[in-house]
Amino acid sequence: MCSTNGWHPGTRRARLLLAGGGAVDIGPPGWRELAEGVRGLRGRLRVEWCAVVAGLVLGLLGASLLPVVVGVAGVPLVRRLRLAARAGRGRERRGDAVIALCGALAGEVRAGRQPGEALLRAARETGGLGDARAAVLAAARFGGDVPGALTSAARQPGAGGLLGLAACWRVAVDQGAGLAAGLDRLEAALRAERDRRADLRAQLAGARATAAMLAGLPVLGLLLGAALGTDPLHVLLHTGAGLGCLVVGGVLEGLGLWWAMRIVRGAEAA
C-alpha cells in the first residue's frame, strides 16, 4: 500500500534494482540530508566538549557552578591532547608512506626506469612525499636538486626517512653506486626502527593503562559514596573541608598524571 505522497520503499528499491540504478536509496525522502546534517554536527562537536557536558552533569547533580567552570577550563587541555594524538597518528602514517616509497622506488629502478621517472611513479603510488610532493617531483622531472628537495621534505613530522633517501640518491648520482641496493637497505632499516617503536609502545601500554586506572579511582570513590547513601558531591562542593580536599586532590591528581606521562614519554624518546 502506497503512502500519501506516492513513495513506497519496496517499490522504489525494486525499480532501482531492475533498472541497474547502482546504490539503492532505501530511506524516505530527506533521509540523506538528515544523515549528512548529523555527520556534520558530530564533526563540529569535538571530543573536548565532553568536558563541558561532564561539568554540566556534575553541576546539576551537585547544585554548583564549580564543575561547569572546571569543565569549560578543561576544553583547551583536552583539545591539546586530541591534536597531539592526531599529530602522532599523522607521523606514523607519513613514516609508513616513506617506507612504502623506498620499496616502490627500488622496484621501479630494478624494472629499468631512470631514477627521475622511477621517483615520479613511486611517489604517485605511495604518496610518501607528503606536502612536499610537488617540489620533489618538479626537481625530478626537470633535472633539479632532488637530494635538496628530499632533505627539505624530510622536515615534515615522521618523514625523517627521506634524509636517507636523499643520501642514497646523492651517492648513486655522484659515485655511480646502485640506487636499488641502497634503497633496500634503507627500507629494511626504517622497517626495523618502526618495529622497535611498535614493540616499545606495546611494552608501555601497561604503564599507560595503570596510570589511567589510578586516575579514575577518585570517580570510583564518588560512585561508592553515592551508593552507600552519602552525598559526596555536596561535601566536596558546599563545605570548606570538602573544597580543600577537592583542590588538593585535583592538584595531586594532575601532578601524578603529568609525572606518569613524563616517564612514559621519556622512555619512548630514549
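Glutamate 187 first. Setting aside neighbours within four places in sequence, glutamate 187 is in contact with Ile99, Cys102 and Gly103. This is a predicted model, and that applies to everything I say here. Glutamate 187 sits in helix α10. Is it buried or exposed? Glutamate 187 counts as buried, because its relative accessibility is 15% and the cut-off for buried is under 20%.

One of those contacts, Cys102, takes us to the cysteines. Cysteine 102 has 0% relative accessibility, so it counts as buried. Cysteine 168 is buried too, at a relative accessible area of 17%. How far is the sulfur of cysteine 102 from the closest cysteine sulfur? That closest sulfur belongs to cysteine 168 and lies 7.4 Å away, which is too far for a bond. For a disulfide the two sulfur atoms would have to be within 2.5 Å. The count of disulfides is therefore zero.

Now the chain as a whole. It has 12 helices and zero strands. Of its 270 residues, 27% count as buried. The accessible surface comes to about 17,100 Å², and carbon and sulfur atoms account for 65% of that. If you take contacts between residues at least 6 apart in sequence, 50% of them join residues at least 24 apart.

In soluble globular proteins, nonpolar side chains tend to be buried together. Here the largest nonpolar core has 36 residues, and the members touching the most other members are Leu101, Leu105, Leu119, Leu129, Leu150, Leu162 and Leu165. Which helices supply at least two residues each? They include α5 (75-110), α6 (115-126), α7 (133-141), α8 (146-153), α9 (161-175) and α10 (179-227). The most comes from α5, which gives eight residues. To take one of the leucines, leucine 150 touches Leu129, Val136, Leu162, Leu165 and Ala166, not counting residues up to four places away in sequence.

Helix α5 also holds arginine 94. At 22% relative accessibility, arginine 94 counts as partly exposed, because the buried class stops under 20%. Beyond its neighbours within four places in sequence, arginine 94 is in contact with Gln156, Pro157, Gly158 and Ala159. Glycine 161 is 67 residues from arginine 94 along the chain, and their C-alpha atoms are separated by 9.7 Å.

In α6, the buried residues are Gly116, Ala118, Leu119, Leu120, Ala122 and Ala123. How does the span of α6 agree with 1.5 Å a residue? Its 12 residues should span 16 Å, and the end C-alpha atoms are 16 Å apart, so the two agree. Just after α6, glycine 127 takes a positive phi of about 70 degrees.

Last, helix α12, residues 240-269. Its 30 residues reach 43 Å from first C-alpha to last, close to the 44 Å expected at 1.5 Å a residue. What caps its N-terminal end? Threonine 239 does, with a side-chain oxygen 3.1 Å from the backbone nitrogen of glycine 242.

Notes:
Residues numbered from 1 in each chain as written. Predicted model: local features only at pLDDT ≥ 70, side-chain atom pairs only at ≥ 80, totals over all residues. Heavy atoms only, no water. Buried < 20%, exposed > 50% of the residue type's maximum accessible area, 1.4 Å probe, protein only. Helix = DSSP H or I, 4+ residues; strand = E, 2+ residues; numbered from the N terminus. Expected span 1.5 Å × (residues − 1). Polar contact = N/O pair within 3.5 Å; in protein donor to acceptor, adjacent residues only side chain to side chain. Contact = heavy atoms within 4.5 Å. Areas by Shrake-Rupley, 256 points an atom, 1.4 Å probe, with all protein chains shown as cover. Core = buried A, V, L, I, M, F, W, Y, C linked by side-chain atoms within 4.5 Å.
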